[in-house]
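The sequence and structure come first.

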Amino acid sequence: AAAEEPPAPLTGVGWAATPEAAPTGWSVLATSTEGAPANLGKGFGHKGGGYLCVSTGGQAAASPVVTDVQVLNDRSPQPAGYSRIPEFPEPRAGVSRKKRVYVRLQPLSAADTAVFDIKLSSKSKAIPHYMKIGELGGFAVWCKKGPVSKSSPPPVPKPRSISLGLKQLSLQPDADSEQKSPERPVARCGTKRSSFTLHNSADDASSIYNLSAMDGVPFTLHPRFGSSLSIGSNAVLAELNVKSLADIEKEYDYAFVVERTAAARLPPSIC
């Protein structure tokens with residue numbers, strides 16, 4: 001079920017000579033809480049009597065609401081910040097008022113508490129949760145006050161400050177970087193031995209022998225290299241003397257028959 005709307009505070013209190021004399025938008029307090037006719041009679045200084053009426057129209061933030069009601073005799077001075085209630089029709093000049101009703105009006109946005117209801121009862125009866133503000137025409141006048149509920153505007157989220165580093169982040173690849181970055185070579189699949197590059201050789205089989213003799217060395221040797229090799233600036237390898245295949249065959253009278261047989265049996269997957 002939908003939640004009930006909170007009661008609206010009163011925006012005016014007035015006096016009407018008859019129930020029909022109250023303007024549109026005003027509600028006449030025609031009966032008391034006991035159900036008796038609430039005609040104020042001569043207590044309000046009028047031979048034909050009269051009725052209290054209230055208004056609850058206009059609930060804009062700038063509209064005035066009733067924040068207090070006082071019932072005073074005609075000898076009491078008018079309280080500061082209060083005004084006499086209007087009369088319908090306009091009162092005649094020189095008419096004596098034994099009792100006068102004053103209200104204090106404030107804008108809804110500036111009010112913390114307000115009057116939400118007024119009731120009349122017999123002088124001997126009390127109304128729970130209501131405050132007695134005086135007596136008028138043989139009736140006790142009661143009002144109900146409460147805090148004003150103000151509808152606050154919806155919160156506006158604060159704009160986020162994005163740092164320069166976050167602005168430079170992007171999930172999309174940069175078109176310029178794609179054009180400038182060179183294509184990476186595709187790695188070729190093969191065995192461990194295929195990672196070595198065999199340079200041009202007069203005898204392809206002799207290159208395989210070099211590979212078997214230097215397996216695990218992170219560089220390749222030409223089958224016809226000289227008697228010594230200086231590699232870079234490494235002091236350890238600078239004086240490394242390596243004999244060629246021809247020198248080994250001549251010095252040791254070894255024809256590498258086993259190596260040649262193994263080379264002939266190598267699978268073709270080695271590239």
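In this predicted model, E8 and E10 run antiparallel and are joined by eight bridges. Within this pairing, Thr 113 stands opposite Pro 147 in E10. E10 also pairs with E9: five bridges join the two strands, again in antiparallel orientation. Here the residue opposite Met 131 is Cys 143 in E10. E9 and E10 form a hairpin with two residues between them, and Gly 137 in the turn has a positive phi of about 60 degrees.

An open sheet of three strands has the order E4-E7-E5, with antiparallel pairing. Its edge strands, E4 and strand E5 (83-84), each pair on one side only. E4 and E7 are joined by nine bridges, and Val 66 stands opposite Leu 105 in E7. Strands of a sheet pair through backbone hydrogen bonds, either parallel or antiparallel.

The pairings with a bridge count are listed below.

| Strand pair | Bridges | Direction |
|---|---|---|
| E8 and E10 | eight bridges | antiparallel |
| E9 and E10 | five bridges | antiparallel |
| E4 and E7 | nine bridges | antiparallel |

The largest nonpolar core has 23 residues, of which Val 13, Val 69 and Ile 118 touch the most other members. Two or more residues of this core come from each of strand E1 (12-16), strand E3 (51-55), strand E4 (64-73), strand E7 (99-107), strand E8 (113-121), strand E9 (131-136) and strand E10 (139-147). Apart from this core lies another, of six residues, including Val 65, Leu 108, Phe 116 and Val 148.

What does Ile 118 touch, leaving aside residues up to four places away in sequence? The contacts of Ile 118 are Leu 10, Val 13, Leu 29, Val 54, Val 69, Val 141, Trp 142 and Cys 143. Cys 143, in E10, is also the residue that Met 131 stands opposite.

Ser 55 lies in strand E3. Is Ser 55 buried or exposed? With a relative accessible area of 9%, Ser 55 falls under the 20% cut-off and is therefore buried. Residues up to four places away in sequence not counted, Ser 55 touches Leu 10, Thr 11, Gly 12, Gly 25 and Trp 26.

Notes
Residues are numbered from 1 along each chain as its sequence is written. This is a predicted model: local features need pLDDT of at least 70, side-chain atom pairs count only at pLDDT 80 or more; totals for chains, interfaces and linings use all residues. Side-chain values use heavy atoms; hydrogens and water are left out. A nonpolar core is a set of buried Ala, Val, Leu, Ile, Met, Phe, Trp, Tyr and Cys residues joined through side-chain atoms within 4.5 Å. Buried means under 20% relative accessible area, exposed over 50%, partly exposed in between (1.4 Å probe, protein chains only). Helices (H or I, at least four residues) and strands (E, at least two) are DSSP runs, numbered from the N terminus. Contact means heavy atoms within 4.5 Å. Two strands pair if DSSP finds at least two bridges between them.
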